[in-house]
Amino acid sequence: MSLLEIQSVSVSFGGLMALKRVSFALEEGEIVGLIGPNGAGKTTLFNCLSAFQPVSEGHLRYSGVALETLSPHQVAALGVARTFQTSRIFRRMTVLEHLLVGRHLHQRTDLWAAIARPAWVAREEAEARECGLRTLALFEDRLLPRLHDFAETLSYANRRRLEIARALASEPRLLLLDEPTAGMNPHESAGIVQLIKKIRHLGISILLIEHDMKVIMGVSDRIVVLDHGEKIAEGLPEEIRRNEEVLRAYMGRRYGRA
Amino acid sequence: MLIPQLINGLTQGSLYALIAIGFVIIFGTMNLVTFAHGEVYMAGAFVGAFAMTLWHLPWFVALVMGMAAAWVLGFLIEKVAFRPLRTAGHMPPLLITIGLSIILKDLAVVLFGAENRPVPSIYEQTVRLAGVQVSVLQLVILGLAGSLFLVLRLLIQGTKIGRAMRATAQDHEAAYAMGVNVNRVFSIAFALASCLGGAAGVMIGIYYNAVYPTMGGTAGLKGFAACIFGGLTSIPGAILGGIIIGVVENLTVQFLASGYRDVVAFLVMVIVLVLRPQGLLGRKLRTV
């Protein structure tokens, strides 16, 4: 059984088909790249997987569990974490607090425990903090020195890193990354490639939306290509690089317009 | 005469602060202003009054009952009136709260009558503290408000629930994706805010020996004003705002005339807000 199975998923917004019978699978430990021109339905698929967008038809199975009837927090509880295309940080929370929110699902302090403060509450907070710091260590000296800074004071690239850090703090089995290098310079993008490789070493599977071909070719085990809501190709990076239809749909139009 | 009036103001102000904190919690979690908060406070006050007069229960049991009733009422209001409108923008929930406020007030008139309902007084004796006569009831109210502030601080400072509330307020989709059950957070925030309002209601009923259906109108307005005065999303700001309003009112009554109490209180607020539009402890809004 694959970790993630997308079975003939369609999404329609009114008359517009954002996704048309898209099917593919992701195996445990794999990094699958998801590419396609703007408006191809990549983010819509992410929204379906994280239960923000209901599917019109088809099924989503995550290690055998149907995702399409769940709420976003329930999907997260299964071990699926995501980042967003545009940075969605908590502006008035510190870097550390973002990591602690990432630990939300692993904490059990409820209303009464918060008021009564039995000894285990402090232990739980300390554990969450430690786990957050371990996660931040993956980002070397980018975020650790800014532990107590508000997120809104971070640079653009650091906000994007923080979003990934927050997702990682939840210890997901599957990570959905939506254009992690968008707006980054080549040096910063190279750093994200290194980071993705480190994340794989933690045993986390990744579904990656990315426009930067260097990034996608560099880290993906397999690539799925969407165009106008349909899957037009799937294969190894070198196969996709040579695929005529992909070149036409993806590159052709982009260069044809210029 | 100054010190006793300061203590009167502090007592009343701490109750305004409890109401104001409710506005802060609801606005801070849901980005929503509720105009039914005063009526939740009134409902809590009535439950407390009934507990003492009809069932002859001690005041602290009445207090717990009033708080519990307000908690349930807040929980229900959020579920019935707000949850279906979560994606409808700012205006429809605002109108709903105005409607709810009218419904609850009229319901109270129909069920309990429009006239004042007496509430027995407690702790009528006074004690001498550092040369000043202070009523024991005022000390009880101050102690109670102070403990509620403390419990609230424990609840939301450095805990999972507090972070979940702040995260939900700042980006509820991102919080949702991180596993925060945002609907539950909204329920808890609304219930918690209502519960504090209910506590203020019960204590005001005891303090002034009366409850009545329209008591939530001015109290809600004062609480909302204190919340804006303090900076809209700051709990310490709301406490400070409530206390300043209470103190200014009482000093006005003493040194000017009782008819001017609201005028002067609101005048002070207007002046402060002109000089400091973000409120006492609020943060400056930045235009991006």
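Predicted model: local features only at pLDDT ≥ 70, side-chain atom pairs only at ≥ 80, totals over all residues.

Colleague: How much area do chain A and chain B bury between them?

Modeller: About 2900 Å², and 62% of that is on carbon and sulfur atoms. Three residues, His73(A), His104(A) and Leu111(A), supply 21% of the area that chain A buries against chain B, more than any other three residues.

Colleague: And how many residues does each chain bring to the contact?

Modeller: Chain A gives 31 residues and chain B gives 27 residues.

Colleague: OK, how many salt bridges across the interface?

Modeller: The rule finds 4 salt bridges between chain A and chain B. One of them pairs the side chain of Arg166(B) with that of Glu97(A), at 3.0 Å from N to O. As for polar contacts, the count between the two chains is 13 residue pairs.

Colleague: Which elements of chain A give two or more residues to the side that touches chain B?

Modeller: Those are α2 (72-77), α3 (95-102), α4 (111-116) and α6 (156-169) of chain A. The largest share comes from α3(A), with 4 residues.

Colleague: How do the residues on that side of chain A divide into nonpolar, polar and charged?

Modeller: On the side of chain A that touches chain B there are 14 nonpolar, 7 polar and 10 charged residues.

Colleague: Switching topic: how many disulfides does the structure hold?

Modeller: The number is 0, over all chains.

Colleague: Is Cys195(B) buried or exposed?

Modeller: Cys195(B) is buried, with a relative accessible area of 11%. Over in chain A, Cys131(A) has 6% relative accessibility, so Cys131(A) counts as buried too, the cut-off being under 20%.

Colleague: Last one. Where is Leu2(B) found?

Modeller: Leu2(B) is in helix α1 of chain B, which covers residues 2-30. At 43% relative accessibility, Leu2(B) counts as partly exposed.

Colleague: What is Leu2(B) in contact with, leaving aside its neighbours within four places in sequence?

Modeller: With Leu251(B) and Phe255(B). Also, the C-alpha atoms of Leu2(B) and Gln254(B) are separated by 8.3 Å, though those two residues are 252 residues apart along the chain.

Definitions and conventions. Residues numbered from 1 in each chain as written. Chains lettered and ligands numbered in written order. Heavy atoms only, no water. Contact = heavy atoms within 4.5 Å. Buried area = accessible area lost by both parts, 1.4 Å probe. Polar contact = N/O pair within 3.5 Å; in protein donor to acceptor, adjacent residues only side chain to side chain. Nonpolar A, V, L, I, M, F, W, Y, C, P; charged D, E, K, R; others polar. Disulfide = S-S within 2.5 Å. Buried < 20%, exposed > 50% of the residue type's maximum accessible area, 1.4 Å probe, protein only.
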